[in-house]
Amino acid sequence: MAGHAPSTPRQRRKAVKKPTANVIVSVDQHLSKADALVRTPTFPLSAFLWPARGSVSQWEILPLILMVAGLFRWAAGFWGYSGLGNPPMFGDYEAQRHWMEVTTQLPVSQWYFHDLLWWGLDYPPMTAYHSWLCGKLGSLINPEWFALYTSRGSDDANLKIFMRATVIVSEYLIYVPAAVIFVRRYSRLSGVSTWSAWVALVAILMQPATILIDHVHFQYNTVMLGFVLASMSSMVAGRYYWASVFFVAALGFKQMALYYAFSVFAFLLGNCVFPRINATRFVGIAAVTVVSFAVLLLPIVLGTLYDVSHGVDPRPDLDGPRPPLPLFPELGKYVDSEAIYYPVIEQLLQMVHRVFPFARGLFEDKVANFWCAANLVVKLKQYPSELLQRGAALMTLASIIPPNLILFFRPRKTLLPLAFATTAWGFFLFSYQVHEKSVLLPLMPMTLLLAGKHGLAKDTRAWVGFANLLGCWTMFPLLSRVELRVPYTVLTLLWTYLLGLPPTSLSAYFQEGSSLWTQWGTFFVHAGFYLAMALWHVLEATVKPPEDKPDLWVVANVGIGAAGFMICYLWCLWRLAVEGEVIPKSWTRKAKPKTQ
Amino acid sequence: MSETYPTLAQCAIVAGAFKILLFPAYKSTDFEVHRNWLAITHSLPLWEWYYEKTSEWTLDYPPFFAYFEWILSQVAKLADPAMLRIYNLEYDSWQTVYFQRFTVILTELVLVYALQMYVDSSRGASKRAAQAAAISILLSPGLLIIDHIHFQYNGCMYGILIASLVLARQKSTLLASGLLFAALLCMKHIYLYLAPAYFVFLLRTYCLSPKSVFRIRFLNCVKLGGGVAAIFATAFGPFALKGQIPQIMSRLFPFARGLCHAYWAPNIWAMYSFVDRVLIALAPRVGLPLRAEALQSVTRGLVGDTSFAVLPDVTPRTCFALTLLFQAIPLFKLFASPTWDNFVGAVTLCGYASFLFGWHVHEKAVLLVIVPFSLVALRDRRYLSAFRPLAVAGHVSLFPLLFTPAEFPLKTVYTVFWLVLFLVAFDRLAPASGRPRFFLFDRFSTLYIAVSIPLVLYCSLVHGLVFGKSYEFLPLMFTSSYSAVGVVGSWVGFLVVYFTS
């Protein structure tokens, strides 16, 4: 089919942008046989890339895709950020700006100690280094943006532009290349045509949740997610040492990457054990990981030692005797407080203490996970927090052990996105101290499914879309607090439109070839949730909650969201089990689904 | 299987989403201008519209546009009645911004519809090319910058223009085409620049017999003349009854303004001033006399009333004569062979002539050339090679309209995106021409396009770093001189193509 001469009438109609000059069309690399048979695009995004089905070079299409993705990000950035004009504490934007202030203006040893009540640094060191770099660059433009104390709560318009630019530049240096490379490697591995991979890439880059949180609300999640993607991409390429380096970088940027840690571990270990035990690889991975962590911490350690030698106190605000060591005060009995390594230990413990806030409650605010939803039924506050913590740990373990066992025993590269998604869903739903923005973590690998085998088929598209829309919807209370309804509406509706999902289209349902039960089951479950979400939006906008229950709408959001995410977790787990071939074939009555 | 992808509607939806995201972007004084017109038309009786001058942004568009604003104001009072008060100057509550921005997007649907008409009117192999051209107009960075950021309603009015051009494609709808154009003239008088081509084309194809120039079709003349008269009567009649026509005319044609607009549209006069400025440096050595009062304005850089230090001054009369002259040249050919392609070519050349030689031309008027040209740019490769420098120059010349840092990445990345996408696509879609191409013209146009990159970098970044706030006119002068070279080059190229095809 694909090898036919391009001049046959049928071919001419398909290759939309037919080169006129003496260029030979070679469709074979771009389109698989199944793709080439499709005459009309099934959803708008594929229509937009329809002209690229001919022999369009990647050097033409990739820049265009990246420019469009960048334009939408920059335009979304015109809207307000979290905490804009909302004193006294402002929001995430101020936190990030403040860290640039702290890291550029203070000695290294004070970074994790400085005025902790005003957005004290509570992310791992890579974030601190990143803030330092951004702060240094920004100070070249305008030193007042990051002046100590006086810059707090700044709402300078140019500062906003600079901050937005740092998010985009960081994303285009890390997340975007990682996504491009991952999609290319993974789609080749799954036998998906280049053209379908472009479609998937656009869908992944236009994912509304990440744009809304990073470029509108303001955070740097894509840096962490980008390192994770790079790590996954290295796994797909079989470069396990690089995979560990990138994963350490992700952890070093944002501790939330721990959601994936079990899967990384299971996959790497599985590859050291199956098909035969490979001890060198295991030792190598372990060594690389240790060295990466050492390199990650080195600047902090060296900075602390430098400060000590110059007589800089990490806590100049404290008078009197030396305070006990953070986190584990009893450790002080064994460590000589005059020893040269004492400040280093103190510094690292303080960092861990800041990064992992064990002292906080089971959940913060209202977040659509199991605990917050369960709290609606049973008041969890009545139980001792230790019991709750133990319960959370057990539930989390129970939810993540099955997917990771599958990944360990079947360490296949094709299973990576599913296993990562399932594990992250488990963490999101059951773990301790979850934030609503954490939903980005399960969403990222789940969206990657679009680049896999049958990724653009109705079934996968419907589920990936469902999870993403539900994710955005549970973040709506967060966004509406800063009046970001317009970008929320535009970006989510645009994405659903592009992928042919509800509420703009029902075309992603009733996959031919799967059983009637699956088709209707999927349809009813999704339709129920979509209707509930729509109804919720209508009620939230028109009806005031009763006086005694001011949080009614948020609570409803949390309940519905948690139920939906639970279903997403189960779906991912089921798909993982099916594709990992742990379930006997006879159980799955599903016939082979056709491509879209 | 006549459908090609993506469809216009799909592009319109995605572009619409992007434009909504741009609501909080920079908006120029034109936003306040239009708010003021909403207020005037809503709160004053008809006969005070053209006399009201509380705001300095008085109503200076023809009556149909005023009626259009009146209709919008009926909805505006539901959004925020405060924007409709005349004394509420510079009022921009978020409701006002959302409302006004949204009306721009909504009225642009006229353009989408007209472009769809254009695609549907193309037959056979050229259909795919027509689709690409239509999408290029819909996504034009010019419209994005001028309408959706800077703020104006060009999308709607160019939609009417395209609809009228498309109607002229068929014998049966010639009358409708003429009437629609008359209505457009009553919305925005800038389209008067294109009127000569319409006049000649309709005269030849509608009012005279196709077989002989000397056989007049009287019935058609009456229909067209009567129709146009009726439209003008609807627009101006109510004001004429009150004897307000002179007042309206003084508002519509303010000849008191200078030759070059503050930003220097990239036309002959920009090159003329550039040469003048170069001559100031050379004049003492060659012994040419300098006019002292002109040097004053040279140092100020941005001037409303340009006066030249070395070269002779230019009068409106000169501009007018030159414009008419260069408009007339292509019209002879149109009269001799009144095909639709020649008609659109003549409209384009009328646009060129008025843009290049007109008095007080605004750089936004470059759309007057780009939009009709896009409709024929894909006829063959010779057309395309004339179009290419125009596409670059025309859009780069719009950059100074947006000078705020937040919009800088937007305008540049969007324009680069558009140029890469459509120059590549057009290159594949334009059929080869039967005639030889000009010697080296393509090489020069590639070189020309390449120069735009350092130019934009210099104007937006390097200049600020090197000179700071001083010599502010330099980047503007470079941009407009550079763009002027491109526009003039493409004009000459297109003239040759027009007369040789």
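Biologist: In which helix does B:Ile13 lie?

Modeller: B:Ile13 lies in helix H1 of chain B, which runs over residues 8–21; helices here are DSSP runs of H or I with at least four residues, strands are runs of E with at least two, and both are numbered from the N terminus. This is a predicted model, in which local features need pLDDT of at least 70 and side-chain atom pairs count only at pLDDT 80 or more, while totals for chains, interfaces and linings use all residues. Residues are numbered from 1 along each chain as its sequence is written, chains are lettered from A and ligands numbered from 1 in the order in which they are written, and side-chain values use heavy atoms, with hydrogens and water left out.

B:Ile13 has a relative accessibility of 42% and therefore counts as partly exposed, the class between buried (under 20% relative accessible area) and exposed (over 50%), with a 1.4 Å probe and protein chains only. From the C-alpha of B:Ile13 to that of B:Tyr51 the distance in space is 40 Å, and the two residues are 38 apart in sequence.

Helix H2 of chain B covers residues 29–43, and its 15 residues reach 21 Å from first to last C-alpha, close to the 21 Å expected at 1.5 Å a residue, where the expected span is 1.5 Å times one less than the number of residues. Because 12 of the 15 residues of H2(B) are buried, this helix is largely enclosed by the rest of the structure. Among the buried residues of H2(B) are B:Phe31, B:Val33, B:Trp37, B:Leu38 and B:Ile40, as well as B:Asp30, B:Glu32 and B:Arg35. These buried residues pack against H3, H4 and helix H7 (141–151) of chain B, with contact meaning heavy atoms within 4.5 Å. In the loop between helix H3 (63–79) and helix H4 (94–107) of chain B is B:Glu90, a residue other than glycine with a positive phi near 60°. B:Glu90 is exposed, with a relative accessible area of 57%.

Further along chain B, the axes of helix H10 (residues 195–207) and helix H11 (residues 218–241) come within 9 Å and cross at roughly 140°, the axes being lines fitted to C-alpha atoms over the stretch in contact, and the angles running from 0 to 180 degrees between N-to-C directions. That makes H10(B) oblique to H11(B), since angles under 35 degrees count as roughly parallel, over 145 as roughly antiparallel, 65 to 115 as roughly perpendicular and the rest as oblique. On the H10(B) side B:Leu202, B:Tyr206 and B:Cys207 meet B:Asn220, B:Cys221, B:Lys223 and B:Leu224 of H11(B). This contact divides into 5 nonpolar, 1 polar and 1 charged residues; Ala, Val, Leu, Ile, Met, Phe, Trp, Tyr, Cys and Pro count as nonpolar, Asp, Glu, Lys and Arg as charged, and the others, Gly among them, as polar.

In chain A, helix H5 (residues 92–105) and helix H7 (residues 157–173) pack at about 85°, with their axes 12 Å apart, and H5(A) and H7(A) are therefore roughly perpendicular to each other. A:Tyr93, A:Gln96, A:Arg97 and A:Met100 of H5(A) make this contact with A:Leu159, A:Lys160 and A:Met163 of H7(A), a set of 4 nonpolar, 1 polar and 2 charged residues. In the loop between H5 and helix H6 (125–141) of chain A lies A:Trp119, which has a positive phi of about 45° although it is not a glycine. A:Trp119 is partly exposed, at a relative accessible area of 26%.

Helix H13 of chain A (residues 258–273) has 16 residues that should span 22 Å at 1.5 Å a residue, and its end C-alpha atoms, 23 Å apart, agree with this. Buried residues of H13(A) include A:Tyr259, A:Tyr260, A:Phe267 and A:Cys272, and helices H11 (221–237), H14 (279–309) and H17 (385–409) of chain A are among the elements that cover them. In the loop between H13 and H14 of chain A is A:Pro275, joined to A:Phe274 by a cis peptide bond with omega near -5°.
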